[in-house]
Amino acid sequence: MANRTLSAIASDVNGGSSTARAMTSHWLDRMAKWNASLGAYLAVDRERSLAEADAIDARIRAGERLPLAGVPVAVKDNLHAQGFPTTCASRMLEGFRPPYDATVVTRLKAAGAVVLGKTNLDEFAMGSSTENSAFHVCRNPWDTTRIPGGSSGGSATAVAADLAPCALGSDTGGSIRQPAALTGTVGLKTTYGRVSRYGLVAFASSLDQVGPMTRRVEDAALLHDVIAGHDPNDATTSSRPVGLAIPSLRQGVKGLRIGIPDEYFTDAVDPQVRARVEAAGKALEGEGATLHRISLPHTAHAIPTYYIVATSEASSNLARYDGVHYGQRNPDAIDINGVYFGSRSKYLGKEVKRRILLGTWCLSSGFYDAFYDRALRVRSLLKADFDAAFTKVDLVLCPTTPTAAFKLGEKVADPVQMYLADILTGACNLAGIPGVSVPCGTVSVDGCDLPVGAQLMGPNWSEALLLRAAYVIEAKCWDPSRVPTFAEARS
Amino acid sequence: MNISKEDVVRTLGLARLEVPESDLPALIAEFGAIVHYVESISAVKLDGVEPLSHGGEARDVFRDDVVVTPLSTKDAMSNAPDSFNGLFRVPRVIAES
């Protein structure tokens with residue numbers, strides 16, 4: 001099935017040559033076979049998914065024709081889908097059952113999609129390797145001794161290993177694009193305000209965006225067109241009309257000006273990764289785009305700024321886990337402080353506590369000006385860098401990650417090294433602009449082929465243009481039906 | 001900036017977190033390294049630069065005052081660790097005199 005586009009699946013189901021039940025069963029069967037060795041999913045409910053599929057089949061029989069008819073979708077476990085738990089891969093939310101659907105899930109279901117299961121992540125989306133999941137690690141199907149990236153590592157692995165035809169992720173500092181790059185999948189972070197965050201468990205509210213993770217660019221475009229748009233339940237969503245991506249997807253890149261930022265091609269980027277991304281640039285040039293060296297001079301400050309802003313917002317957002325309203329409560333508490341301190345200390349993981357600590361520090365009296373306020377002002381400069389660049393070029397091309405997937409355990413002991421995994425993705429979230437990671441080839445590491453992602457970033461609301469350029473890179477540099485040989489590698 | 005044990009303990013308290021005494025030395029070292037890393041932005045020249053709190057559209061959002069059916073109390077409280085008659089129940093907050 002890895003050679004089928006989402007629209008081909010929907011076409012079969014709409015046309016009656018297949019059913020939502022058959023499609024859902026196919027991926028549930030693959031998941032049953034392989035999930036234990038990959039750890040992509042945290043929650044699966046076969047009966048529930050099949051019941052959702054039957055409801056779609058009934059709508060088709062009643063004459064409805066749906067853009068995602070019978071398309072199973074894996075949902076990152078920080079998004080609410082009724083009937084499934086939402087844990088955020090945290091002990092704190094073990095057993096939590098959301099009383100409503102996230103808006104993105106509502107929209108997918110309305111378009112005919114079926115929720116296939118909830119995928120693994122770094123606890124509360126805080127991490128770059130999915131090793132911070134409180135439940136189990138997730139493995140990269142290209143080499144199961146390596147991480148799939150994070151925090152949307154479960155969604156990335158599910159799609160890469162064909163345990164789902166598509167997935168939703170969330171991206172706060174690279175959490176869709178980085179795992180997409182490391183698993184050979186496509187990941188889109190939309191402009192801030194393009195996709196509703198209603199029903200997404202908040203990490204850093206000024207940075208978080210939900211987006212598609214897919215096997216091919218066309219599929220990402222289709223999911224974008226379904227989930228994007230204004231939502232009265234999220235006041236930060238824009239009411240401007242959505243620039244649909246599917247209609248212009250095949251219009252090519254002739255005449256497009258592509259910026260190549262010096263600061264994203266430094267010695268910190270692995271030479272093999274760099275070569276693949278440069279080849280992607282040549283591919284765009286071959287199709288009529290022009291390449292232009294540009295500078296985004298404040299790039300080096302993006303990750304320190306990101307960690308101050310994101311953790312400050314997280315320290316506020318995660319104050320809600322107080323052991324009172326929902327989530328776990330310390331059973332030994334005899335007074336209210338025992339509830340607060342005991343519940344948070346017992347059920348939140350190490351990295352989550354570290355980030356709450358940093359955020360609390362940055363917002364605390366005496367440090368606010370030197371850390372938080374200063375970071376917000378550097379954020380202005382980072383955005384101004386992009387604003388200036390987009391007066392000269394239409395899009396920016398760079399690597400998504402400095403290296404291919406690293407080994408499980410390699411960076412766990414050094415938080416700062418782990419933070420640097422987001423070095424090429426964080427500025428995009430701070431500026432609020434959209435970015436996409438598209439596979440552009442593989443590199444050989446220790447005798448293993450590992451995928452590389454090319455990242456395209458554009459001005460606000462340029463999703464359709466980004467996907468158009470990504471479509472060209474995919475066509476010239478990648479075979480999207482390729483499923484890594486994790487099965488053979490394992491035996 | 002040097003991070004002391006007192007800095008970490010005070011900040012943990014503000015965040016309503018506690019760690020075992022035996023874990024503190026490692027946490028102080030890790031936290032010190034992180035603070036050292038992020039304070040690198042102190043070198044950036046920021047004269048006249050305004051703070052940016054988000055990259056989205058800055059605007060007021062209004063909606064029509066339409067009556068809708070909200071989440072029921074039962075559903076809203078369905079994940080509460082402890083409740084009684086539709087209220088969240090917690091241990092005594094004010095001590096007996």
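How many residues of chain B are in contact with how many residues of chain A? The legends below begin with that interface.

Figure 1. In contact with 68 residues of chain A are 52 residues of chain B, contact meaning heavy atoms within 4.5 Å. About 5000 Å² is buried between the two chains, and carbon and sulfur atoms give 70% of this area; buried area is the accessible area (1.4 Å probe) that two parts lose on being put together, summed over both. Tyr37(B), Ile41(B) and Asn79(B) supply 13% of the area that chain B buries against chain A, more than any other three residues. Between the chains there are 14 residue pairs in polar contact, both residues at pLDDT 80 or more. A polar contact is a pair of N or O atoms within 3.5 Å; within protein, one must be able to donate a hydrogen and the other to accept it, and residues adjacent in sequence count only if both atoms are side-chain atoms. On the side of chain B that touches chain A, the elements giving two or more residues are helix 1 and helix 2 of chain B. Helix 2 of chain B provides the largest share, eight residues. That side divides into 29 nonpolar, nine polar and 14 charged residues, where Ala, Val, Leu, Ile, Met, Phe, Trp, Tyr, Cys and Pro count as nonpolar, Asp, Glu, Lys and Arg as charged, and the others, Gly among them, as polar.

Residues are numbered from 1 along each chain as its sequence is written, and chains are lettered from A and ligands numbered from 1 in the order in which they are written. In this predicted model local features need pLDDT of at least 70, side-chain atom pairs count only at pLDDT 80 or more, and totals for chains, interfaces and linings use all residues; side-chain values use heavy atoms, with hydrogens and water left out.

**Figure 2. Helix 2 of chain B and its covering elements.** Helix 2 of chain B comprises residues 24-38; helices (H or I, at least four residues) and strands (E, at least two) are DSSP runs, numbered from the N terminus. From first to last C-alpha this 15-residue helix reaches 21 Å, close to the 21 Å expected at 1.5 Å a residue, the expected span being 1.5 Å times one less than the number of residues. Its buried residues include Leu27(B), Phe31(B), Ile34(B) and Tyr37(B). Buried means under 20% relative accessible area, exposed over 50%, and partly exposed in between (1.4 Å probe, protein chains only). The cover over the buried residues includes helix 9 (302-317), helix 11 (350-363), helix 12 (369-389) and helix 13 (415-419) of chain A, together with helix 1 (5-14) of chain B.

**Figure 3. Salt bridges of Glu30(B) with chain A.** A salt bridge is a side-chain nitrogen of Lys or Arg within 4 Å of a carboxyl oxygen of Asp or Glu, and three are counted between chain B and chain A. Glu30(B) pairs with Lys350(A) at 4.0 Å, N to O. Glu30(B) also forms a salt bridge with Arg354(A), the closest N and O atoms being 2.7 Å apart. This pair crosses between chains, from helix 2 of chain B to helix 11 of chain A. Glu30(B) is buried at 17% relative accessibility, and Arg354(A) is buried at 8%. Salt bridges that share partners join Lys350(A), Glu351(A), Arg354(A), Arg355(A) and Glu30(B) into one network.

**Figure 4. Salt bridge between Arg293(A) and Asp262(A).** The two side chains meet at 3.0 Å, N to O. The pair links distant parts of the chain, 31 residues apart: Arg293(A) lies in strand 8 (residues 290-294), and Asp262(A) in the loop between strand 7 (257-261) and helix 8 of chain A. Arg293(A) is exposed, with a relative accessible area of 69%, whereas Asp262(A) is partly exposed at 33%.

Figure 5. A polar atom of the Asn330(A) side chain lies 3.3 Å from the backbone oxygen of Gly338(A). Leaving aside neighbours within four places in sequence, Asn330(A) is in contact with Gly338(A), Gly342(A), Ser343(A), Lys346(A) and Tyr347(A).
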